[in-house]
Amino acid sequence: MKFQIEDVTVYFPYDNIYPEQYAYMVELKRALDAKGHCLLEMPTGTGKTIALLSLITSYALSKPSNPIKFIYCTRTVHEMEKTLSELKLLHNYQLQHLGPAAKILALGLSSRKNLCINPTVVSAENRDSVDAACRKLTASWVRELAAENPRIPTCSFFENYEKSASEAILPPGVYTLQDLRAYGKLKGWCPYFLARHMVQLANVVVYSYQYLLDPKVAGIISKEMQRESVVVFDEAHNIDNVCIEALSVSVRMQTLEGATRNINRMSQEIDRFKATDAGRLRAEYNRLVEGLALRGDLPASDAWLANPALPNDILKEAVPGNIRRAEHFLSVLRRLVQYIRGRLQTENVEKEGPVAFVASVNTQAGIDQKMLRFCYDRLHSLMLTLEISDTDEFLHIQTICDFATLVGTYTRGFSIIIEPFDERMPHIPDPVLQLCCHDASLAIKPVFERFQSVVITSGTLSPIDLYPRLLNFNPVVSRSFTMSLTRDCICPMVLTRGSDQLPVSTKYDLRSDPGVEKNYGKLLLEMVSVVPDGIVCFFVSYSYMDGIVNSWHETGLLKEIMQHKLVFIETQDVVETTLALDNYRKACDCGRGAVFFSVARGKVAEGIDFDRHYGRLVIMFGVPFQYTLSRILLARLEYLRDTFQIKEGDFLTFDALRQAAQCVGRVIRSKADYGMMIFADKRYSRHDKRSKLPGWILSHLRDAHLNLSTDMAAHIAREGIKEEGSQMIIKVAVLDLSIACDST
Amino acid sequence: MADKQQQVVVKRARHKSSVKDPGTPGVLKMTKDRFTFMANDPSSPVKLNVEFRTIKGHKFTKDGTKQALLNLTQDQGGNYIFEFENFPDRNVCKDFVASAIALSGEAGRTVPEKSAVPIQDEQLSAAEMERRIKLLQEDSDLQKLHKQFVIGGILSEAEFWATRKKLLEQNYSRRPKQRVALKNDMWSTKPLADGQSNRVTFNLTPEIILQIFAEKPAVRQAYLNFVPNKMTEKEFWTKYSRAEYLHSTKNVIAAAAEAAEDEELAVFLKQDDMLVNEARKKIRQVDPTLDMEADEGDDYMHLPIQDHGLPRNDNKDVLDSQYEPYRRSFSQHLNQHAAVVLQGRVIDVELGDTRSVAEALARTKHAELAKDASDVYLDKERLERISRMTEIEDLQAPRDPAVAPLSIKDPRDYFDSQQANAFSTLGDTVSGAKQLKCSVSTREAYCSLKECISEIKFQGLTEPTINSEVAFKVLNGLAQNISSNKYHLGRNPNESILDSLPKITREELLLHWSSIQELLKHFWSSYPITTKYLLTKATKLKDAMSQIYPKLQEIKESVQSDLRHQVSLLVQPMLQALDAAFAHYDADVQNRSARSGERPNGF
């Protein structure tokens, strides 16, 4: 359908529109007009993504003289694929109504691992080895050598891409990662470098958060995006965590050992170069004297991750004299590694600020703050000079330099925590040094400054006034929408007692109580016998899930559950989890029905939809609090209290309930869908906890459903399923009949 | 079928060079592998002697049209047209030709023909014929019907198959057979320990072995490698059980120590490499909207706190990397188990023979993986699914829901449920009658009794008197029998009246049931009668049905007395259906004769 919002004609690919989608578009349009940032919460299952896409593309179409670029950030690659396929739908619709004028170029961008089509490279196991394998074939020095010696392998796709030079462009259209690979194969061009190049020209770019928030990646990929861009962070309820992670580093014993090996290898290389090609090292020295950390214009294939510090904080100065010479720099690194090793020997937990740490490095290892700051760029330069292409081997020394640069650059908002062992297993020594960032606003600040509109949106941003404080920005629009419903398509319940009327909870003192475990198992058993198709269960942690599933197995409860449905489980191995999910969907598709055990805050809870028959019921076992004994969390809470006056308890509850809401929100995707949600913990019945849930869940939570036991919940579920499913069942029955008539 | 009955067919026909040609009268003779045509006029140049091998198809005009033509197409492009004196003659030849072509097609040709089919004519390609023959071979009931009606001359080949178009089409796309699924039951490795000795017993059945082989490809491979060259079957399973026991004790170090001493045992204790490889292949097939592995590729932050404050447990177990291969998680097993159950029974092998089970599984797995690599179709399907998933359904105009067709394999279930219905209606009428009696006054009862007595007085008793006790016993027995049947019916799906009947009666009943169904279907589909052809067809069908009618009566009388009631209940609906058909036929005939007075041509 086509309609007008003020001066913009909006092209919306469906015949109908929800009222809240329209309201959402209106607010968004105002924010774009004001060229300001905005914060929008809209329940899952109301078509947020398509509303966003269709408004922003229509807005761009209505202003052809001043085209805005649209940068859409997703949490995960599979969300990227989903977004792009929605965009495809929209684009087809716009082409139908506007003709060629609506043509845009939209593409997704990911790492080499997901885009490479060279069979020898892509077979490598992880991202780093794929990157390294690619560099081995495409680095400028390798190609120079290959020009003389044809026996040195190169990548034909990259060579073809380079040869076609300016002709290598993507025709307008919407490209998912798979489409990019297919196009690359067709043309014989490298899809990764093609996409990297086209990002600058595209109208719509879809990529991961990290490409904007992590300065290392943003520095090479998002550097040249124009100011007239709209940046959208979708599913942004965890954006503060991503920002913090982007600026945190941790160093373990293995890292130090690896770094020592790396330093030895580099010193060998230096000796070799001294013997064969001393001019090269001298050239590097001269370049550094002139103040250029890097060789001016690097070929795309040589580009490496950029500086981990934020662009505004990087010193525009020459590299200090005492690390200009390669040998000197290596000895500085050696001393730094030695110093950190010494710090890791500690018996007690230590916590200090960056200033104190830098001072202690200076006195004990003789490395001053400026040297620390330049570590990362200096290392980068050295590795290019030494022509090292197996970068995956050098991750450890990179981590050390990463740490050095950050600790040398920032004086507040960070702390350094050294733990000699894991809190839960004090007998196993596992020392770790962590540089953790507490201030989420640091990483996102350059994004707010550089782009004219930043949209932060999700299904759960409650309480909505907390985010501007955490991220330190002033939105021009900040709204939370509720869901308009003609019928109850969600049915939330709070279960506080098991079938024996004893309270259930994952609170510390009740957590390993066999009675609670049994009650949880009984609850699931009741539900699998009542609810059709798919059921999703979320637990508070992997260890809790493993424990409870094992205990269900031993007591035979699992066997009874399996008589009704197949059981799949999330593990920490992504490959296995992905296959389990795929099978889970197959089981739901074929009518067998299945249960999926998953972990709140895990990867599945973060990005996988369990809509329609893939999830008729979701059970949240317990309240997913963070691991409160973690030193990092404690340090962050302290920082939040001191700088933002946010109480520890409030933040923890807020964080736990946004995760719980996120988990249960997975079951509903549109209003034709329906799903039940069970919060199984007695703590949800308390008002201070419950009130932190988003409004669209609270408005469906009836008073009668606040304090249920297993048998009552089962009764409600049975009735609910009957009512909700009746329409569908009638439809199917009629069809069955007609088929039966046909076949006789 | 036809060729078994008739080896040679000889008919009068005219050979024509084209449809317009008046033709040469003569005699057409067909044998199994060739047909010959001799003109009546010996001086005529037309003389044919053609092998069926060279014939690739045949066309014919519809029954009831102007000419009874049969056109045989040769694969070089030539054709032979014959005109017959009447349609029955033509049809006999046509059916004969069809089977002859099919036979010769099976023997020689492999490429089925694809020539343009004229609208009026039906052409039977060899492939089509083959499919029919195959269907007949697979389904003995169908074969019986075919024999009875087509070869018995009641229905023509085309008529018979016309009602089974669906069957033919479905069969074309090879419908998978229904199979029993695997049990969703994890073989719990809980050993049975008798308290006295240190002995632990494991129970293995062929079903469990199949499950182990399907879930653990490494064990399967080990079995194929070791048994029987290196160890006996018993030794193999003992070793396997030992490994399982070690796992169940969760003592990683002990497992590693034992594995170091015994390399065969190590195979069971280590992680399954084949599964890992398989997973890597399968991961390329999954829906990209689920693919979490791709995220890993996009993750530029090598951090311990990836999961937003979720405590990581994997880092704590760094105790020794040499024990790593011996660690095995329960969740992994759980996922693998569910995947295998979901896939279902992939092999069709008798379970007793362990070796053949292992080999068959290995084969199917291999084939599956090879197939996956180059499946473009799957790719397309995946894309379609994604685009379907992305649409918001209730904002869109409704689309037809995807439904799978019902597959009722056993018509008996349907039949039985009809009987149950018949019973319940019967029960209703009985109770209704009772009510009627209840309202009878004593006076009326007395009157009727008096009437009876006076009647007996007048006529005398024809039967010998029976002892009232015996009579009571008989009546009681009968009543109980009937009511117990009524009670049991429908309660237990596995027991039906049919099963309680003697085998011969049962089969006869079923045969009659299916043949009546077939006949009725054709009978009713030939109404309203618009052509002479349909009239003859209806008459023929009616005759066939009236032949079955007395047979049903016979069955009813032949069974033992205690079953007679049930059999008559079974037969009743058939008879009713037949009666209805007869009544319709008679009414139609009367109508027709009344009208034919007005209109001389009968239509």
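**Starting from one arginine**

Me: Leaving aside neighbours within four places in sequence, which residues is Arg666(A) in contact with?

Reply: Glu235(A), Phe538(A), Ala605(A), Glu606(A), Gly607(A), Ile608(A), Asp609(A), Phe610(A) and Asp611(A). A contact here means heavy atoms within 4.5 Å. Before going on: this is a predicted model, where local features need pLDDT of at least 70 and side-chain atom pairs count only at pLDDT 80 or more, while totals for chains, interfaces and linings use all residues. Residues are numbered from 1 along each chain as its sequence is written, chains are lettered from A and ligands numbered from 1 in the order written, and side-chain values use heavy atoms, without hydrogens and water.

Me: Where does Arg666(A) sit along chain A?

Reply: In the loop between α28 (648-664) and β20 (675-680). Helices are DSSP runs of H or I with at least four residues, strands are runs of E with at least two, and both are numbered from the N terminus. Arg666(A) and Val536(A) are 130 residues apart along the chain, yet their C-alpha atoms are separated by 9.3 Å.

Me: Why is Arg666(A) called buried?

Reply: Buried means under 20% relative accessible area, exposed means over 50%, and partly exposed is in between (1.4 Å probe, protein chains only). Arg666(A) has 3%, so it counts as buried.

Me: What makes the phi of Glu387(A) worth a look?

Reply: Most residues other than glycine have a negative phi. Glu387(A) has a positive one, about 55°, although it is not a glycine. It is found in the loop between α18 (369-385) and α19 (395-409) of chain A. Gln645(A) also has a positive phi, near 55°, and it is in the loop between α27 (631-644) and α28.

Me: Are Glu387(A) and Gln645(A) exposed or partly exposed, and why?

Reply: Glu387(A) has 25% relative accessibility, so it counts as partly exposed. Gln645(A) has 58%, so it is exposed.

Me: Why is the crossing of α25(A) and α14(B) called left-handed?

Reply: The label applies if the near helix is turned anticlockwise from the far one by less than a right angle; clockwise would be right-handed. The axes of α25 (residues 574-589) of chain A and α14 (residues 330-343) of chain B come within 10 Å and cross at roughly 35°, and the crossing is left-handed. Axes are lines fitted to C-alpha atoms, for helices over the stretch in contact, with angles from 0 to 180 degrees between N-to-C directions. Among the residues making the contact are Glu576(A), Ala580(A) and Asn583(A) on one side and Ser331(B), Gln332(B) and Asn335(B) on the other.

Me: What is the mean pLDDT of chain A?

Reply: It is 86, and 95% of the residues reach 70 or more. That score is the predictor's confidence in each residue, from 0 to 100. Over residues 729-744 of chain A, though, pLDDT is below 50, with nine contacts beyond near neighbours in sequence.

Me: And what does chain B average?

Reply: A pLDDT of 70, with 64% of the residues scoring at least 70. Residues 302-321 of chain B are below 50, even though this stretch has 47 contacts beyond near neighbours in sequence. Where pLDDT is low, the predicted coordinates should not be read in detail.
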